[in-house]
Structure formats: structure tokens, C-alpha cells
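I opened the notebook to record what I looked up in this structure. The entries follow in the order in which I made them.

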Amino acid sequence: MHLVMLPGDGIGPEISHATRRVLEVADRALALGLTFEEHEIGLSRLARDGSTFPEAVLERCRASDGVILGPVSHSDYPPREKGGINGSALLRRELDLYANIRPCRSREGLAYYGRTPIDLVIVRENTEGFYADRTMHMGTGEFMPTPDVAIAMRKVTAKGSERIARAAFEIARTRRRRKLTYVHKVNVLKMSDALFLKEGRRVAESYPDIATDDQLIDSMTAMLVRDAARFDVIVTTNMFGDILSDLASELSGSLGLGAAINAGDQHCVAQAQHGSAPDIQGQDKANPCSLVLSAAMLLDWLADRLDRPDLRRGAAAIDAAVDHLVKDPATRTRDLGGLLGTQAFAETLCKEVESRLRHTR
């Protein structure tokens, strides 16, 4: 089981190192057969090789069993023609990672910020929508016909809508409480969101056991604050899903606990929900949980794909260990009101994962 690690920018190398340590503990305890290959990307690679994401790195990702991607400071990159390639967007496009899956749940002992606890999964279409680099074969979906007019286009396709809906229904059926909510703005986006809803409802005919409803995006933001407990699986388009998942993760306790994978039919990339936080780079302040939990989701994805219960067991142990540590301020990171820096938390988490796996053999 060969994994490519791309530490990225800012705090990326610190949390990537912590994540690898945790995975190595699970590997030793369960004999998972994990191997790791690390490649530098981002600003440091640009300074050395003239590209933030060389083609050779993409090919190594394509050949791997899975990728763990640290945060990238792509807003600080130069234009693409000068080597500034957003590795996150590139991988999603080139590996056809059409499903961004982001679970959000409240954790015992940690305050949540909505009126009710949260336990839901946001399934976000990942390859089209309003994102300018995912709408055109050449160029971007933004253009300026005059210096004082900027226009952005949104792409929604039947194929993209159908397959993200199917991914969401499968999660609702096999892993959740069999309830799915479409989120859209069809009262304004009367063609693109109508197509998204049409394809989703067509897919629903194959899942009669799944209850469905829908929410407008603006009312959905209010409902997440007011009554998040009513939602189970949420499926939506690219930009809406990006915004909603950050909101839901923060309401559930912290964006620093927000796990995510970008998955397609053949490839999967684990990626923290948060950014590269260069303001705390190298200060031992970063919370590695988001990337650690994303790596656990990657193990789960591989377990399903390869029928490997041992990988699922490793993922469950990592998730349970994080739950256990965040209960107590003494074993939390500082951003969660705790006492531990990045390295100390990683060490404590490794011991907790090892203990859980040792006692369940």
C-alpha cells in the first residue's frame, strides 16, 4: 500500500510529519504494509525548480494507492505560466476527484457553537461549478471584456450532478442514517441548479430507502446554526459545499478537526480542510488533527476499495484516539484550549492509537 505525501506550504510540513507518525504506528500494529514516498511541493519547490507542482510529482501521485496533501499557499503563488500551480486543484482535475467528502460532528467534551450537536456529512461536487479553473477546457471561467467589468461563469453538467448524487446516496445508505438533503439556489440559478436537482432526483429513484428533502443555500446556513441535528448527508455543488463545510466544521467545534477526502473512481487524496497558516509556521502551534483524520478517511476509502478490514480498523482507532484526546484540555492542542504543541500532541496521539490497537488484537 504505497502512499505519496506532499507536505505543502506553511504548517503543512509540520502536520504532515505528525500524520505520517500516526500512520506508521497503525502500520506497525496491524502490519498494513504501508510505504511512503514524499515530494516537496509549493513555494519551496518553486524556488528550487521553477514550479510549485512539477509534472513528475503528478505522475507519482497517479501511480500511488493514495495521496496525503498538506495545505498549500496557492494565493501567494505566481501565475501558472510562471510556475504557480495550485496542486490541490490540479489533483482534483487530473485524477478526476469529483467527490469532496467532509464529515462534521460534535465531539464529547468539546464545545460546539450551534444550538444543537452536529453529526453530518457534506458531499460536495469537486470538478465544476463556479470555480474558474474547473469550468473551461482552456483558460478559466473568468474574463474581463472591459477593464471595469469582470464576468464569472458556472458550469454544471448532467454527468457531474449524477455522479455526485450517486456518491452521496451510497454514503447515506451504507454509512449514515439514510437521509439526504439537496442544497441549491434554484429560485435564482434556474437552469444550472435545476439541472443539478433533476439529476439528483433521477438518481433518488434507485434509492427508495433514502428519505430526501432540499434546502436553499441561504436558508441552509441558518438551519445549520439553528438545528443542525436534523441533517444527515448533504449533497451540493462546488462552491456551496466549500462554504457550508467550513461553517459546519467550525460549528461542530473547530475547523482544525475537519477531515476531508477528494475521491474519484480510481484515486483518493486526503487533505485538511484548513489552510496553510503561515503566521504560525514553525512555532509548534499547529493542530494536526484535520490532516490526521483525513488520512484515516483515506484508509477507510482504501478498505472499501480493496476489501481490507485491517485498514478500516486502523482508521477507526485513529478516529477514536482523537475523540479521546480532545475530551480533556490536558491532551488538546492550544487552539482547542489545551496545553499541547504540535509535536507533543502527535506523540500523545501515537501512544493512544498504539494502545487502542494493542488492546483490541
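Is Glu59 buried, partly exposed or exposed? I looked it up: Glu59 has a relative accessible area of 36%, so it is partly exposed. Buried means under 20% relative accessible area, exposed over 50%, and partly exposed in between, with a 1.4 Å probe and protein chains only.

I noted the ground rules next. The model is predicted, so I kept in mind that local features need pLDDT of at least 70 and side-chain atom pairs count only at pLDDT 80 or more, while totals for chains, interfaces and linings use all residues. Residues are numbered from 1 along each chain as its sequence is written, and side-chain values use heavy atoms, with hydrogens and water left out.

**Entry: salt bridges**

I stayed with Glu59 and found a salt bridge to Arg62, with the closest N and O atoms 3.5 Å apart. A salt bridge here is a side-chain nitrogen of Lys or Arg within 4 Å of a carboxyl oxygen of Asp or Glu. Side chains of opposite charge can pair when their charged atoms come close. Both Glu59 and Arg62 sit in helix H3 (residues 55-63), three residues apart, which is about one turn of the helix. Helices (H or I, at least four residues) and strands (E, at least two) are DSSP runs, numbered from the N terminus. Arg62 is partly exposed, at 31% relative accessibility.

I then looked up Lys185, whose side chain meets that of Asp218 in a salt bridge of 2.9 Å, N to O. This pair links distant parts of the chain, 33 residues apart: Lys185 is in the loop between S8 and H6, and Asp218 is in helix H7 (residues 217-227). Lys185 is buried, with a relative accessible area of 17%, whereas Asp218 is partly exposed at 41%.

Another salt bridge joins the side chains of Arg21 and Glu347, at 2.3 Å from N to O. Arg21 lies in helix H1 (residues 12-30) and Glu347 in helix H11 (residues 342-359), so the pair ties together parts that are 326 residues apart in sequence. By this rule I count 36 salt bridges.

**Entry: the sheet**

I traced an open sheet of ten strands with mixed pairing, in the order S2-S1-S3-S12-S11-S4-S5-S10-S8-S9. Its edge strands, S2 (35-38) and S9 (211-216), each pair on one side only. Two strands pair if DSSP finds at least two bridges between them. S8 and S9 run parallel and are joined by six bridges; Thr181 stands opposite Asp213 in S9. S11 (residues 261-263) and S12 (residues 268-271) run antiparallel, with three bridges.

**Entry: helices on the sheet**

What does helix H8 lie across? I found strand S4 (99-105), strand S5 (119-125), S8 and S10, with H8 running at about 160° to S5. Axes are lines fitted to C-alpha atoms, for helices over the stretch in contact, and angles run from 0 to 180 degrees between N-to-C directions.

Leu247 is in helix H8 (residues 238-252). At 27% relative accessibility, Leu247 counts as partly exposed. Leaving aside neighbours within four places in sequence, I found Leu247 in contact (heavy atoms within 4.5 Å) with Thr221 and Leu224. The C-alpha atoms of Leu247 and Gly139 are separated by 31 Å, and the two residues are 108 residues apart along the chain.
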